[in-house]
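Below are my notes on the model you sent, as numbered points. Please read them with the structure open.

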There are 6 protein chains.
Amino acid sequence: MRGFIIGRFQPFHNGHLNVIKKISKEVDELIIGIGSAQKSHTLDNPFTAGERIMMITKTLKNFDFQYYVIPINDIEFNAIWVSYVEALTPPFDVVYSGNSLVRELFEERGYMVKKPEMFNRKEYSGTEIRRRMLNGEEWEPLVPKEVAEVIKEIRGVERLIRLSEKDY
Amino acid sequence: MRGFIIGRFQPFHNGHLNVIKKISKEVDELIIGIGSAQKSHTLDNPFTAGERIMMITKTLKNFDFQYYVIPINDIEFNAIWVSYVEALTPPFDVVYSGNSLVRELFEERGYMVKKPEMFNRKEYSGTEIRRRMLNGEEWEPLVPKEVAEVIKEIRGVERLIRLSEKDY
Amino acid sequence: MRGFIIGRFQPFHNGHLNVIKKISKEVDELIIGIGSAQKSHTLDNPFTAGERIMMITKTLKNFDFQYYVIPINDIEFNAIWVSYVEALTPPFDVVYSGNSLVRELFEERGYMVKKPEMFNRKEYSGTEIRRRMLNGEEWEPLVPKEVAEVIKEIRGVERLIRLSEKDY
Amino acid sequence: MRGFIIGRFQPFHNGHLNVIKKISKEVDELIIGIGSAQKSHTLDNPFTAGERIMMITKTLKNFDFQYYVIPINDIEFNAIWVSYVEALTPPFDVVYSGNSLVRELFEERGYMVKKPEMFNRKEYSGTEIRRRMLNGEEWEPLVPKEVAEVIKEIRGVERLIRLSEKDY
Amino acid sequence: MRGFIIGRFQPFHNGHLNVIKKISKEVDELIIGIGSAQKSHTLDNPFTAGERIMMITKTLKNFDFQYYVIPINDIEFNAIWVSYVEALTPPFDVVYSGNSLVRELFEERGYMVKKPEMFNRKEYSGTEIRRRMLNGEEWEPLVPKEVAEVIKEIRGVERLIRLSEKDY
Amino acid sequence: MRGFIIGRFQPFHNGHLNVIKKISKEVDELIIGIGSAQKSHTLDNPFTAGERIMMITKTLKNFDFQYYVIPINDIEFNAIWVSYVEALTPPFDVVYSGNSLVRELFEERGYMVKKPEMFNRKEYSGTEIRRRMLNGEEWEPLVPKEVAEVIKEIRGVERLIRLSEKDY
């Protein structure tokens, strides 16, 4: 059985990793869709698709499990979005999502949809991590160490801070 | 004389029907544009273009009047929008709209534009109808019975409720 | 039962009309998709979607049969095309097409697909009609008289001839 | 040395003119990008790209300085935006911008980026000028006289006022 | 009176220059549209919009005449193309074109369209110039000397030759 | 060092596999771009991006080497294509390509570009393999056995044959 999970992963954090580890016991293979792939360089979406792929791949490197990481652009046309995902991915049987729109779209197409159990949502959250980055607080414990390394390598925190500068 | 009216029709309601009945006495044929055709499955735009076409066509079935129902996508380029509408529709002489942008764009292109008289805007309103659907209140009296049937057939209220579920 | 047929209708001719008349005995309602809706003003696709809608609607005016005419743009992404059609149309059960790509795409999605019987393909053909228009030969007998009227009204033959002028 | 500056110029005002005059002493040639070129007919973006090009060209007419005015659409894909600008413009060495996103994108691509000194930002501001237009206050002193003439010619204030009318 | 001319200018050559010189005596201002602006790096369209803008601007530098150079992407939707051009340019009264599609589209919108007189089309032709570049023949006499300089600066002939290498 | 290679992989064959094996000795990681990702269901591009990802991933399963498989749509805008690839992929140092356009675009951006050595191009070729599929000849020996399995699972040969049927 092949599963599908989608997230923006801005950045990929321990909450994502926990969910994926759990799902890996339920399915044979997992497709990880990078949502809003075309977005980057904003306060809510600082990292490019390529950077997010690197975060995930490095984290899962020693993880003995068949997975695929596939960038998926927003297409702003909900009624065809499932079909768009299907065109870009190997076929799958079950979808994992905590997002009501994603769940509705896949359910209407007849997919089995599961709500993955998340824990410590207050800290394991992209919003919280980006907030800490901007405020100079400690964010590294909330992400896998490989993700922290990628973010350092691409100087991601500096990017975020520069993007937050007031225009005139 | 041929007229043009555009709306999102989320859903088509008695206010729309009243306006169309009135216009049908002023023009020989009416083009009904389905605006934001590409949008669906959101709290503000729950229904697909195809579903909205069905609502309108079934309601007007026994209505002895030549009309066209044509889906029109948003193109996010106001200065060419009138030209885009013209490409997709038979030629028309008069535009009916209560929306200031639509009126401005057609007036700049030399069209006669009329503001249709609406009544009972408080109840005959897509916003109000969707609010009632979400809250389990009675919404059926605000739409033609054919529209209520379509919404039941496609399980539209259930869709709206599921879309309103909180993500995590 | 609702059927779907798609064509470019450049222009709508007697062959199309015959097929639609035949299908109308097999289904309760028919959706007529205007393919390549965004194309116009070329030698192969001289007429806009709006003009083609007018040809079809005027021809079928006194035809007692529920049908929908819906412009469908090319999207150059075959794997999502069926989903795109579904978003813009009421649901349908059977597809009529003589085009192998259209048939393949709908069959892969589980639709029943029928090949409509065509006759006199040599004359009832958009290519042949446009050829005659360009050469000043008689083309009117090959199309419904309402179509000939529309083409006259929009001065379609003159357009085609001007488009065929050699550039330098 | 060739410079690049981008703005929405809704409308082009004295603040813009001052900046450009100053830059013209630092570079040999200046490329003036019209940002959000596809936007027009909204309260924040009332003027088309063509109208904005006219404002700038007429203002700089007797200005002895080589410049280029180039419309640049939003592409909603930050990571490729610099490359998109490069494709549409002659090559340049230095970028002038007060916008943190623009600065970040060009700096990541290795460009020298300067923050132009602005003065009287309270009055020399598109937002302030559009506010005055809507309220019938005096706005002409805030723009070059050629810009005021263009806006009169295209009846721009009337457009803005009509766009602000409440829909129903 | 303002005129509009459009070309791909791959590259800008003496034939183009002659036409523009002639037109400059008939109109007060001229808008020069760079067609297929998004195309570059192919055998038929080797130069980017930015490179073509540079060729034209440098050639016309000492030419005392008000002109605008504006890149115009193909939009593959003929029926709205005139409207698209209008959005990106100052208003104009007359169109100069030797292309039958361009002429037809503007004439249908009510524009005066003139066919510019060309001479020595056999040599003053983009196709011929690119052929010579590929074959190592003399092409410089067919273009203004500023264009030859730009092409040398960007190493355009080398690009063309590399693009013609056979793939495997 | 990270490398990048792009192909349409219609289908992935032994020639591709040989090249990738060779490259894997020169780089630490390899990004495999699926070109023309949006294309499928044509005689030249029968397989979807998802199907091609599956072919590659299954073939390389037991291959001890870090690689990424990333679908890349055509964008029909050569001058920004490299930037588009960069946005979707981890950063890379060297590009492998036998296509002159790809080589030119990356070289202009300063990348090291290598021409991979191919052998038996006559048989190890997508064109040849699709020709054999259509003619009922033996094609399986030309692809890895995992690819043959995927094509059987998705009934790819039958799809190709149906797509080749003559329209009327």
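**Notes on helix packing, copies and backbone**

1. In chain F, helix α5 (residues 126-135) and helix α7 (residues 156-163) have axes that come within 9 Å and cross at roughly 80°. On the α5(F) side the contact is made by Arg130(F), Met133(F) and Leu134(F), and on the α7(F) side by Val157(F), Leu160(F) and Ile161(F). By class these residues divide into 5 nonpolar, no polar and 1 charged.

2. Basis of these notes: this is a predicted model, in which local features need pLDDT of at least 70 and side-chain atom pairs count only at pLDDT 80 or more, while totals for chains, interfaces and linings use all residues. Residues are numbered from 1 along each chain as its sequence is written, chains are lettered from A and ligands numbered from 1 in the order in which they are written, and side-chain values use heavy atoms, with hydrogens and water left out.

3. Terms used for the helices: helices (H or I, at least four residues) and strands (E, at least two) are DSSP runs, numbered from the N terminus. Axes are lines fitted to C-alpha atoms, for helices over the stretch in contact, and angles run from 0 to 180 degrees between N-to-C directions. Angles under 35 degrees count as roughly parallel, over 145 as roughly antiparallel, 65 to 115 as roughly perpendicular and the rest as oblique. Contact means heavy atoms within 4.5 Å. Ala, Val, Leu, Ile, Met, Phe, Trp, Tyr, Cys and Pro count as nonpolar, Asp, Glu, Lys and Arg as charged, and the others, Gly among them, as polar.

4. Chain B has a helix pair of its own to check: the axes of α5 (residues 126-135) and α7 (residues 156-163) of chain B come within 9 Å and cross at roughly 80°. α5(B) and α7(B) are therefore roughly perpendicular to each other. Arg130(B), Met133(B) and Leu134(B) of α5(B) meet Val157(B), Leu160(B) and Ile161(B) of α7(B). The class count for this contact is 5 nonpolar, no polar and 1 charged residues.

5. In chain A, α3(A) and α4(A) pack at about 75° with their axes 9 Å apart, and they are therefore roughly perpendicular to each other. From α3(A), Asn78(A), Trp81(A), Val82(A) and Val85(A) meet Leu101(A), Val102(A), Leu105(A) and Phe106(A) of α4(A). The residues of this contact comprise 7 nonpolar, 1 polar and no charged.

6. How many aromatic pairs are there over all chains? The count comes to 54, where rings of Phe, Tyr and Trp (its six-membered ring) pair if their centres lie within 6.5 Å, and planes under 30 degrees apart count as stacked, over 60 as edge-to-face and the rest as tilted. Trp81(A) and Phe106(A) have ring centres 5.7 Å apart and planes at 75°, so the pair is edge-to-face. This pair links distant parts of the chain, with Trp81(A) in helix α3 (residues 78-88) and Phe106(A) in helix α4 (residues 100-108) of chain A, 25 residues apart.

7. Chain F can be laid on chain A with an RMSD of 0.0 Å by a turn of 180° and a shift of 0.0 Å along the axis, copies being superposed by least squares on the C-alpha atoms of residues with pLDDT of at least 70 in both. That is the relation of a two-fold axis. The C-alpha of chain F nearest the axis belongs to Ile70(F), 3.1 Å from it. The same surface serves both copies, as 100% of the contact residues of chain F recur in chain A.

8. Chain B can be laid on chain C with an RMSD of 0.0 Å, by a turn of 180° and a shift of 0.0 Å along the axis. Ile70(B) comes closest to the rotation axis among the residues of chain B, at 3.1 Å (C-alpha). Of the interface residues of chain B, 100% are also interface residues in chain C, so the copies meet through the same surface.

9. Some chains do not touch. The nearest C-alpha atoms of chain C and chain D are 19 Å apart, without contact. Chain B and chain F do not touch either, and their nearest C-alpha atoms are 19 Å apart.

10. Backbone points to inspect: the peptide bond from Gln10(D) to Pro11(D) is cis, with omega near 0°, and Pro11(D) is in the loop between β1 (2-7) and α1 (14-23) of chain D. Ser36(C), a residue other than glycine, has a positive phi near 45° and is in the loop between β2 (29-34) and α2 (49-59) of chain C.
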